[in-house]
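Welcome, and please open the model in your viewer with the sequence panel beside it. We will go from one selection to the next, with a short note at each stop.

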Amino acid sequence: MTDTLSGRAAANLRAEIARRNLTQEEFADKAGISRNTLGNILAGRTVLDLDRLDTFARLLEVEPAKLIND
């Protein structure tokens, strides 16, 4: 999955959430989405659009590029 842009973003997002010791439920709540929606994004079943990428990066206090680069 990490060979696509969405796959890399999902893997990096998962790592950043874990690095901050947040559960998926806690992060989903902060992002204003359901835990199920976040799970689908992290599993690659839902494409991570630019607006959400920006929101997630802001919440994690990282540059959006950090979530999409290797």
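## First stop: asparagine 40

Select asparagine 40: leaving aside its neighbours within four places in sequence, it is in contact with Arg45 and Thr46, where contact means heavy atoms within 4.5 Å. Before you go further, note that this is a predicted model, in which local features need pLDDT of at least 70 and side-chain atom pairs count only at pLDDT 80 or more, while totals for chains, interfaces and linings use all residues. Residues are numbered from 1 along each chain as its sequence is written, and side-chain values use heavy atoms, with hydrogens and water left out.

Asparagine 40 belongs to helix α3, residues 35-42. Helices here are DSSP runs of H or I with at least four residues, strands are runs of E with at least two, and both are numbered from the N terminus. With a relative accessible area of 18%, asparagine 40 is buried. The cut-offs are under 20% relative accessible area for buried, over 50% for exposed, and partly exposed in between, using a 1.4 Å probe and protein chains only.

Now widen the selection to the buried residues of α3: Leu38, Gly39, Asn40, Ile41 and Leu42. Which helices do the buried residues of α3 pack against? They pack against α1, α2 and α4. Just after α3, pick glycine 44, which has a positive phi of about 85°.

## Zoom out to the whole chain

Show the chain as a cartoon and you will find 5 helices and 0 strands. Read from the N terminus, the order is α-α-α-α-α. The radius of gyration is 11 Å, close to the 11 Å that the globule rule gives for 70 residues, so the chain is as compact as a globular protein of that length. That radius is taken over C-alpha atoms, and the rule is 2.2 Å times the number of residues to the power 0.38. Along the principal axes, the C-alpha trace spans about 25 × 25 × 20 Å.

Of the 70 residues, 31% count as buried. Among contacts between residues at least 6 apart in sequence, 51% join residues at least 24 apart.

## The aromatic pair

How many aromatic pairs does the count come to? The count is 1, where rings of Phe, Tyr and Trp (its six-membered ring) pair if their centres lie within 6.5 Å, and planes under 30 degrees apart count as stacked, over 60 as edge-to-face and the rest as tilted. Select phenylalanine 27 and phenylalanine 56: the ring centres are 5.3 Å apart and the planes stand at 65°, so the pair is edge-to-face. This pair links distant parts of the chain, with phenylalanine 27 in helix α2 (residues 24-31) and phenylalanine 56 in helix α4 (residues 50-60), 29 residues apart.

Pick alanine 10 in helix α1, residues 5-19. Alanine 10 has 1% relative accessibility and counts as buried. Draw a distance from its C-alpha to that of leucine 53, 43 residues away along the chain, and the separation is 9.9 Å.

Stay with α4 and select leucine 50, which lies in that helix. Leucine 50 is exposed, at a relative accessible area of 68%.

## Last stop: two loops

Most residues other than glycine have a negative phi. With that in mind, select asparagine 21, where phi is positive, near 55°. Asparagine 21 sits in the loop between α1 and α2 and is exposed, with a relative accessible area of 69%.

Finish at glutamate 61, in the loop between α4 and α5 (64-68). Phi of glutamate 61 is a positive value near 55°, and this residue is exposed, with a relative accessible area of 72%.
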